[in-house]
Structure formats: structure tokens, C-alpha cells
Amino acid sequence: MVSKRLGLNTICTHVGEIKDEQFKGAVSPIYLSSSYEFLDVDVKRYPRYFNTPNQDYLSKKVAALENTEAAMIFGSGMAAISHMFLAFLQKGDHLVVQNTLYGGTVNFIKEEFHKYGIEYTFTNGYKVEDFEEAIQKNTKLIHIESPSNPLLTVTDIKAIADLGKSKGILTSIDNTFASPVNQNPIDLGIDMVMHSATKYFGGHSDICAGAVASSQQYINRIWNVSKNLGGSLSDMTVWMLERSMKTLGLRVKAQTKNAMKLAKWLNKHPKVNKVYYPGLKSHPEYELSKSQMKGFGAMLSFELTEDLDAYEFQKSLHLIKSSMSLAGVESTVISPHLTSHALLTSDERQQVGISDQLLRFSVGIEDVKDLKRDINIAIDKISK
Ligand SMILES: *Cc1c(COP(=O)(O)O)cnc(C)c1O
């Protein structure tokens, strides 16, 4: 039987297009109205209701990519994650959340949850036993991130989904690092998938957006909260995001291929101590990654040898930019010890495995030979 599911690049290019009935243009028109007909209409449209034509149609592309019934587009990844959490957690409820997590998500939980009376436990590790151990009577949601930032730990997605199902607890995942090109957690049984669309969906470092994909029932629950919190995305940016997503498959596959080559090369480099990448056989979850991912992704981290200064290294790169964000078509690096983990002491960082020599590398679409050359020139320059 022929699969009804469209291919990745066909979804990226076509699903969720708005037909230009009036002028027959090739691409979706932008509908900028913030006011729509109210009387005798099936849908009452309003930007904060997440249902303008552009919002509505782009969410179909996201849903098709994650193989869900429905999706919503948000003004940022944090809007997506916070609205999702607040839709399923209320006063007295408990969240089990992975210890290795995007910094903004950690801040949201630590700074805001107590105001709502929501309880939480960060796991002691990323193994399924660590999650099981953290579950309490009032646990309503388990949230994971895989691969995680910045050490690319990989969580057993199906095992977490099964754990949630066996206990009647919902499960959600931050799928930003893998993107739907490399990983579809819904197919492994996870209930809700969220993305910072600022990253691979946008892909050109010029859009801030987010997305959640799930069943229609759960999206309705999120919508009920989101219409009150109001984190929707402007239609101008929704349209830019649609344009970006047409090349999501092409971009991320090219970036993933480059990352694999660079991970192998760095792994043998005399000035590199260690490489963290799920596609290397030396990664502790290599077999698991192979079984649950379609590709190993385009994010990796590596440690320079002790004699090299990571700060000087970044300053000596020409092509590869030192940049906070990630997932653009251009390659970027960042020192976690100077950014996401700057508030910890050096000892605390060592405990979570983040050395001052560690660099997170978001691999772009450039030619690998030029990236290697850039790295070698920088290393030569700072070697004494
Ligand atoms: C960037 C990021 C977020 C937050 O997204 P914003 O668009 O910056 O709000 C969440 N999770 C991960 C893994 C990210 O990289």
C-alpha cells in the first residue's frame, strides 16, 4: 500500500499553503487584518485567537511535519512552552522535568511556578529510572528534552512515553534540537511536541517564534489558556516563517550531514579532548539515538585541550561566528561557561560536566572544508 503520509520536502513546500484565489499568485498571500467579520461566520478570527488565515494554515504544516492532528504557532519558543505547561498544570499539580534542559525553561519553572502553586521535580539524570523516581501522586506532566543542550544527552523517548501511559501522566518534549526532520516523538508515543521555531524552523537567525503540535483535543486545551495569555505571532512573521519552512528539510539534512563529518573530524583532532554528538559510536546513547532519530542532528559540542583558551579560540575564528542562538544556515559556536551556565561556579559546572574548554557548535550549511580550515587557523593562532 502506498503511504498516505507525504514526503518531508513535499510537506515543507506545500502543506498549509493559502491559495491565492483572486490573483493566482504562486505563494500564500499575507492577511494582515486584525479585524474580521463577526456576524454569521463559522470561525471568529482574531490574531490573539491564533486563527488568522496565515496562523491557521502554517499550523497545518507544523502538524503535518510532526504527524499530529493539530498545532499552534506562538510568538516565541518560551510562549509555546509556558502556554503548554499552564494548560496542563494548575495549583497543586506536579511536573517531572529533565535535569538537562534549555536555560529559559529552567528559569520559567523556577521563577514562575511558585506563583501558580505548581510543584516540580528536576530529575537526577536522564534515564527512565530517574523519571520514574521523581513521579509523585500529583504528577500531571513529564517534560523531556532530547538531544539536550549543551551536552547532547539522549533520552529514551518511547520509554518515557510508555512510563507516562502506564501511570496516566501526560508527556511532552522539546524537539528543537532534532527538528521534525530528524525526530518525530509523536510516533514514539509522546503526547505533545514543542519547538523554538526561532531555531531550525526559521533557520536564518531572523525570526523569533514557537510551535506546539499535538492531538486536536490537547491543542484545544492549550488554546483555551493561550487566548488569555496572548502569546501569538504577527502575520508578517508567520508568513516569513512559512517561507523559511519550505527549505527546512533541505537545510537540516545538509546541516546534519556536515555535523556528522565535523564530529568525526574533531574526534580525531589532536587539539580536541572530547566530542559530544549522538552520531558518534563513542556517545553513550549511540544505539538508542540510531533507533529513535532519523538523523543525528546538526548540534554538537566539543572540548578543546587544556592548553587552549576557548574564549581566544572564538575570537580567532573568521567564518564561524560566536553567537548566542543556534540553528541558522550559518555555523556558530558559543561557550556554555560564559553564557547559559555563567552563573554557576567553576566547580558547579564541572559537576554537571561543563568545562571551561567546552564549545557548543551549531553546524551550518557551509562547505565542510572551509569550516575545518577556519577551526584549524584559529587553533594554530592560539597555540603557543
Ligand atoms: C531557544 C530554545 C528555546 C526557547 O525558544 P525562544 O524562541 O528563544 O523563546 C527552547 N528550547 C530550546 C531547546 C531552545 O534552543
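Colleague: Where does the ligand sit?

Modeller: In the largest pocket. Keep in mind that this is a predicted model.

Colleague: What does K199 do in terms of distance to the ligand?

Modeller: An N or O atom in the K199 side chain is 2.7 Å from a ligand oxygen.

Colleague: And how far is the T198 side chain from a ligand oxygen?

Modeller: A polar side-chain atom of T198 is 2.5 Å from an oxygen atom of the ligand.

Colleague: What about M78, which part of that residue is involved?

Modeller: The backbone. A polar backbone atom of M78 lies 2.8 Å from a ligand oxygen.

Colleague: How much of the ligand's accessible area does the protein cover?

Modeller: The ligand has 380 Å² on its own, and the protein covers 93% of that.

Colleague: Switching to the fold. How many helices and strands?

Modeller: The protein chain has 14 helices and 12 strands.

Colleague: Why call the chain as compact as a globular protein of that length?

Modeller: Its radius of gyration is 21 Å, and the globule rule gives 21 Å for 384 residues, so the chain is as compact as a globular protein of that length.

Colleague: What box do the C-alpha atoms fill?

Modeller: Roughly 75 × 55 × 45 Å, along the principal axes.

Colleague: Backbone geometry next. What kind of peptide bond joins S146 and P147?

Modeller: A cis one, with omega about -10°. P147 is in the loop between β4 (139-145) and α6 (157-167).

Colleague: Which residue other than glycine has phi near 60°?

Modeller: K24 has that positive value.

Colleague: Where is K24?

Modeller: In the loop between α1 (8-14) and α2 (53-66).

Terms used: Residues numbered from 1 in each chain as written. Predicted model: local features only at pLDDT ≥ 70, side-chain atom pairs only at ≥ 80, totals over all residues. Heavy atoms only, no water. Polar contact = N/O pair within 3.5 Å; in protein donor to acceptor, adjacent residues only side chain to side chain. Areas by Shrake-Rupley, 256 points an atom, 1.4 Å probe, with all protein chains shown as cover. 1 Å grid on protein atoms, 1.4 Å probe; cavity = no way out; pocket = protein on both sides within 12 Å on 5 of 7 lines; lining within 4 Å. Sits in = over half its atoms within 2 Å of the grid points. Helix = DSSP H or I, 4+ residues; strand = E, 2+ residues; numbered from the N terminus. Rg over C-alpha atoms; globule rule 2.2 N^0.38 Å.
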